[in-house]
Amino acid sequence: MTIELREKPLTARDFKGKVDPDWCPGCGDFALLRATQMSVAELGLSPHQIVCVSGIGCSSNFPGYFNSYGMHTLHGRALAVATGVKMANQTLTVLVTGGDGDGYGIGGNHFTHTARRNVDLTYLVMNNQIYGLTTGQVSPSSSVGMKTKSTPFGNIERPVNPITSAIMNGATYVGRGFSGNIKQLVRLIKGAIEHPGFAVIDVFSPCVTFNRDNTYDFFRQRVAPLEDEGHDPSDWKSACERAMEWDDRIYTGLFYQDQAVQSLHALEPILDGGAPPVSHVPEAITQEQRDRIVRRMM
Amino acid sequence: MSQGFDFSIAIGGAAGQGIATPGNILARMFVRRGLHLNAYNAYQSIIRGGHILLTMRVREQEALSHGDHIHLLLCLNQDTMTRHLRHLGPGAYAVYNADNITPGEHQDGVHLCGMPVTELTGDAKNKLAQNTAALGVIAHVLGLDFEVLESALTLQFQRKGEAVVSSNVAVARAGYEYSSAHFTPLANPLPQHPDPLAVWTGNDALAMGGAAAGVKFYCAYPMSPSTGVLHWMAKNARELGIMVRQVEDEIGVANMAVGAAHTGARTMCATSGGGFALMTEAIGSAAMMEIPVVFINVMRAGPSTGVPTKTEQGDLWQALGASQGDFERIVVAPQDAHDAFGTIAEVFNLIDRYQCPAIVLSDLLISEGTFSVPPDDIDMSPPIERGKLIRESNGDAGPYNRYLDTADGISPRAVPGVPGHVHVVATDEHDEEGILISDEFTNPIKRRQMVEKRARKLDDYFTRVAAPEVEGDEDAEVTLVGWGSTAGVIAEAMEQLQADGVKVNRLAVKWILPFHAEAVTEALSGARKTLIIENNHSGQFHRYLRSETGITADGHIRKYDGEPFMPHHIADGVRAHLADSVAGGVFVPDQEILV
């Protein structure tokens, strides 16, 4: 591959991975992949500057379809791994991709703490409200009453609200997209990558095989872009109120942004003053450092 | 028997009574005089109350264990006196606050050194006064000039201000003077050697080994008895440019470590058995993605939450079997704090070479013990070999295959950010390019190729890692086999047996996996009677040894009550085995000192 050496600007096509997605035809994840490729091209990023980290699930195959450094890690652990990547080399642009089960279920603990720490990551959750790769079981974001293979008589648990959860846990850029609106997705993703903190975009990405309830039509009839509503993203209360609406009208767009909170690597004392990443500093410690340590032991 | 000064001081009391401070002061006084120290703190998972017994053995020769005896018992409460006075032999000292502690039955020749603390200090309210007064008595009994203690107290308390220093010195002086008037000091006073020693805990040594090896990312979740590593790292991080993170759980720790290591930073994390259990899936992921990370498991008595403040060698099989699947890993069990220090740097070079995870098995005995170390032995500039790591642009525009099937199985490892080397690493099986062969493109030929490639990486391991060797008497009637932290106490048990005319040798195993099966088989081929000594119930190491070599031991000495072996426990076991008086082949020593 020679793409990094080109003079002309990269396009979305340059971010196509080595293999084609094996997602079902019509899967909402195609749109998010396309939107992400467009976003990084428009931002002028090169593949080697980006690390795309995922967990396990249909949507977590994303790094294989996206031309950048990638880590396809364990189920639910993408945010923990991505935090390690970003903190050890803060110069990298780190994207995290996955699904609702991966992020809000098995990885829920990491979601809470990554938000609280405001790690400078862009987290794209392809939320299809179902477990797809395991052939259709209830997910933490499935609606009450939904019938799945593991809830044949209907789901009795209430779903997580990713938007209010992210805001309450401390995420500083919280948006919602829909696979049926690529333009809005590109706006949200570019804003998320440029945002210096933990950015979460929950994306309605319909599962055309296993979720018969939350289809493209279901969302097309309900989505209402916040951009048209005069919503102020600095107002977290209003953001949460709008995020709680679901039945007839479901808002998409940027719910919340706070640029005043510093990201974890910006607060990390050993990275003060533009220090190089710990991934690339010399390993050896100095004789003076050694002597100071040993003196304290005597 | 060993020559020279060899003296053990035990300080007992409840948590919250301030045992650590006199312990630290004495430790510093000893090592500054060039004397060796081996201290074991028997404690409980409680912040206030309970019973703690800190045993500090000070010796002219290296102290390889905390010893068999208590020569001076400082009782900070009645409970300590009641529990341990009976362990004192002729010539030993019991130091206590006579205002509120009464000695009971005792052996002849024990010096009962009761201090009238209120009378000495004129302050009945200061609960810590007895500790400081006792230091005065101990300094006198050990034959030290008061100035030695005075300077130690000054160093200890100077951060708290002149008033604190002078009041402590006054109380200590009162204790010293009272002792001079009433108690008999040691006939052979505490010696002095010209070269002062330093003092560290095993956890300090593990952390310093990491710092010396160039660890730049350390993360952990607090868990006894591993937390000392986190504390050392946190305290020294800024000065050394080490990023230290406390994470929400050990699953997060291990995965964050994998992410950091992937960027090229040398990365380490430490936990105990329960946290290690949570880390295991990520350990397998490090093997699959071929990312080098050091995972330290400081073993404590299990299973489950177990006994958090007690020691055991119970996690060997957990380490051997950590994570699903069949993969390459290095497992090593250092033998003491000094060895742990050096082992970390050695392990990092190995895993950077082989691009695989390593598991370091320490235990509470090593990690929370306090030991002397000659300062010149603390070499914090070990060789650092990063293997086939690519961290900077080399002008190579590709194609680059992360998992290139090379002759030695080791593929050049580019880290994110390097132009021309873009690739995806995956916990799914993948081909040379990193493309998944787990779902759509399953391929038995490629799967076999990658399994064999990863396995082949360690082909030259045995040329790089020394095999254990038999040490001790030739033509020994008994050969003692141990692993990890029992090395020192076995060596001291051997000294006792040899003094009784028993011909004995030992094999101390440190590098556990890959196992030096041929070398160990050869080493034990001439053994007349092989005994295996381990700090667990089921003989985990024996079963492993048998599986790797087919060797079945002639007998066992095992301890699993939470307390570490003392030398005589092993010597007694060997004698019993030599007399063929061990029913069932397993000798289990009694723990006499109940803590």
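**Strand pairing and domain contacts in the predicted model**

M71(A) stands opposite V425(B), a residue of strand 17 of chain B. Strand 17 (residues 424–426) of chain B pairs with strand 2 of chain A in the parallel sense, over three bridges. Strands are DSSP runs of E with at least two residues; helices are runs of H or I with at least four residues, and both are numbered from the N terminus. Two strands pair if DSSP finds at least two bridges between them.

The model is predicted: local features need pLDDT of at least 70, side-chain atom pairs count only at pLDDT 80 or more, and totals for chains, interfaces and linings use all residues. Residues are numbered from 1 along each chain as its sequence is written, and chains are lettered from A and ligands numbered from 1 in the order in which they are written.

The contact between the chains takes 52 residues from chain A and 64 residues from chain B. Residues are in contact if their C-beta atoms, placed from the backbone, lie within 7 Å. On the chain A side, strand 2 (69–72), helix 2 (78–88), helix 4 (108–117) and helix 10 (287–296) give two or more residues each. Helix 2 of chain A gives the most, with eight residues. The chain A side divides into 26 nonpolar, 19 polar and seven charged residues. Here Ala, Val, Leu, Ile, Met, Phe, Trp, Tyr, Cys and Pro count as nonpolar, Asp, Glu, Lys and Arg as charged, and the others, Gly among them, as polar.

Chain B is assigned domain 1 (6–182), domain 2 (200–377), domain 3 (388–465) and domain 4 (468–587). These bounds come from an automatic or database domain assignment. The centres of domain 1 and domain 2 of chain B, taken over C-alpha atoms, are separated by 34 Å. In their contact, 11 residues of domain 1 of chain B meet eight residues of domain 2 of chain B. Helix 1 (20–32) and strand 2 (36–42) of chain B each supply at least two residues of the domain 1 side. Strand 2 of chain B gives the most, with six residues. The domain 1 side holds six nonpolar, five polar and no charged residues.

Strand 2 of chain B also runs antiparallel to strand 14 (residues 370–373) of chain B, joined by two bridges. A39(B) stands opposite T370(B) in strand 14 of chain B. An open sheet of eight strands in chain B has the order 6-5-4-1-3-2-14-7, with mixed pairing. Its edge strands are strand 6 (111–115) and strand 7 (198–201) of chain B.

Helix 5 (residues 146–157) and helix 6 (residues 162–182) of chain B pack at about 150°, with axes 9 Å apart. Axes are lines fitted to C-alpha atoms, for helices over the stretch in contact, and angles run from 0 to 180 degrees between N-to-C directions. Helix 5 of chain B is therefore roughly antiparallel to helix 6 of chain B (an angle over 145 degrees). Their contact includes F146(B) and L149(B) in helix 5 of chain B, and V164(B) and V165(B) in helix 6 of chain B.

A second open sheet in chain B has six strands in the order 18-20-19-22-23-24, with mixed pairing. Strand 18 (470–472) and strand 24 (586–587) of chain B each have a single partner strand, so one side of each is left without a neighbour in the sheet. Strand 19 (residues 478–483) and strand 20 (residues 504–509) of chain B run parallel, joined by six bridges. L480(B) has R506(B) as its bridge partner in strand 20 of chain B.

How values were computed
Two residues are in contact if their C-beta atoms, placed from the backbone, lie within 7 Å. Angles under 35 degrees count as roughly parallel, over 145 as roughly antiparallel, 65 to 115 as roughly perpendicular and the rest as oblique.
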